[in-house]
Amino acid sequence: HPFQTRVCGRDRVRFMESLVVGDIAELKLGQGTLTLITNERGGIVDDLIVTNASEDHLYVVSNAGCAEKDLAVMRSRAAELQATGSDVHLETLDNALLALQGPSMAQVLQAGLPDDLAKLTFMRSITTTVFGVPGCRVTRCGYTGEDGVEISVPAGRAVELAEQLLAVPEVWPAGLAARDSLRLEAGLCLYGNDIDETTTPAEAGLLWTLGKRRRATMDFPGAAIIMAQVKEKPKRRRVGLTSVGPPGAGAAGPPSPPRVPMSPGTVTSGCPSPSLGKNVAMGYVEAAHSRAGTALTVEVRKKQHPALVTKMPFVPTHYYVAK
């Protein structure tokens with residue numbers, strides 16, 4: 001499901017900052033950040049991770065479902081800058097991406113890694129050999145809320161590496177349904193469900209992705225609209241919801257609207273939480289109904305069920321951060 005790109009050239013940072021809200025210039029070598037491509041209306045075109053991978057390129061991981069539109073936006077902006085003499089060009093990668101997540105990750109991966117994994121903290125990245133497969137990029141991240149890594153591996157050796165990992169007793173295969181319940185428990189957005197081109201960072205609770213310098217320069221797409229919402233507060237907000245009974249809509253199903261007094265909202269993601277034993281969901285309600293503890297009614301299959309606005313993450317995260 002990921003789409004991987006390299007952005008090369010001396011003007012790569014200026015190019016990237018013309019598309020996203022994050023402070024790419026401040027990234028140290030090997031450091032990455034979650035950021036957003038925005039449009040002129042302040043909507044979110046995609047969420048992606050940009051890493052200062054080396055002294056000559058940025059490494060970008062975005063959603064494969066958005067690959068065509070992301071590439072069109074990036075190529076168009078690159079052409080604009082190239083026409084004015086800027087040095088920037090794009091390379092798409094055919095690497096596979098394997099995610100190894102969970103409390104045993106460090107122990108499992110260290111056995112096949114020449115580097116000291118204890119020195120690789122959350123959102124840091126290295127290029128190394130993994131279980132004998134050279135040229136892998138290991139980034140300490142993953143959309144599960146757990147400690148983990150994403151391994152970008154040459155496509156021709158992806159099956160080999162996956163089989164070596166699965167040969168370890170502590171490692172089990174997990175599909176996107178498991179990943180979806182994990183990211184929802186961690187309060188993380190799924191593009192196309194919880195965020196899209198009609199959703200702004202302020203509404204989605206993603207203002208933390210805006211770099212301090214970028215807020216001042218306001219030189220990203222939709223900056224005037226987004227910064228106005230920072231000052232005036234958005235009229236609707238993304239909230240967490242917990243409930244019992246039938247779950248709200250999941251990633252594969254249509255959203256169900258929560259019934260809010262005088263103000264309808266929308267559930268955008270929902271599933272039974274394996275960790276909590278009750279249903280968790282995210283959705284959008286008017287700001288007046290967004291405070292934690294607010295009681296709402298969610299409609300599931302034409303029946304109404306009580307729900308409670310709940311702080312996120314629903315389950316504490318376990319990212320490996322520097323102490």
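How many salt bridges does the count come to by the rule used here? The count comes to 14 salt bridges, where a salt bridge is a side-chain nitrogen of Lys or Arg within 4 Å of a carboxyl oxygen of Asp or Glu. The model is predicted, so local features need pLDDT of at least 70 and side-chain atom pairs count only at pLDDT 80 or more, while totals for chains, interfaces and linings use all residues. Residues are numbered from 1 along each chain as its sequence is written, and side-chain values use heavy atoms, with hydrogens and water left out.

Side chains of opposite charge can pair when their charged atoms come close. One of the pairs is Glu197 with Lys69, at 2.8 Å from N to O. This pair links distant parts of the chain, 128 residues apart. Glu197 sits in the loop between helix H5 (176-185) and helix H6 (212-217), and Lys69 in helix H2 (residues 67-83). Helices (H or I, at least four residues) and strands (E, at least two) are DSSP runs, numbered from the N terminus. Glu197 is partly exposed, with a relative accessible area of 30%. Lys69 is also partly exposed, at 26%. Buried means under 20% relative accessible area, exposed means over 50%, and partly exposed lies in between (1.4 Å probe, protein chains only).

A salt bridge also joins Asp194 and Arg183, at 2.9 Å from N to O. Asp194 lies in the loop between H5 and H6, and Arg183 in helix H5, 11 residues apart. Both Asp194 and Arg183 are buried. Glu203 and Arg236 meet at 3.4 Å, N to O. Glu203 lies in the loop between H5 and H6 and Arg236 in strand S10 (residues 236-243), so this pair ties together parts that are 33 residues apart in sequence. Glu203 counts as buried because its relative accessible area is 11%. Arg236 is partly exposed, at 28%. Salt bridges that share partners also join Arg10, Asp11 and Asp87 into one network.

Strand S9 (residues 148-153) is mostly covered, with 6 of its 6 residues buried. In a regular strand the side chains alternate between the two faces of the sheet. In S9, Gly148, Glu150 and Ser152 point one way. Val149, Ile151 and Val153 point the other way. Two strands pair if DSSP finds at least two bridges between them. Strand S6 (residues 96-101) runs antiparallel to S9 and is joined to S9 by 6 bridges. Here Leu98 has Ile151 as its bridge partner. Strand S8 (residues 133-139) also pairs with S9 in the antiparallel sense, over 3 bridges. Thr139 has Glu150 of S9 as its bridge partner.

The structure holds 0 disulfides, a disulfide being a pair of cysteine sulfur atoms within 2.5 Å. For Cys136, the nearest cysteine sulfur is that of Cys141, 14 Å away. Cys136 is buried, at 0% relative accessibility. For Cys271, the nearest cysteine sulfur is that of Cys189, 14 Å away. Cys271 is buried, with a relative accessible area of 10%.

The unreviewed UniProt entry places the feature "domain: Aminomethyltransferase C-terminal" at residues 265-315. UniProt positions are given in the numbering used here, feature names are shortened, and annotations may be inferred rather than shown by experiment. Over residues 265-315 the chain is 57% strand and 0% helix. The end C-alpha atoms of this stretch are 24 Å apart.
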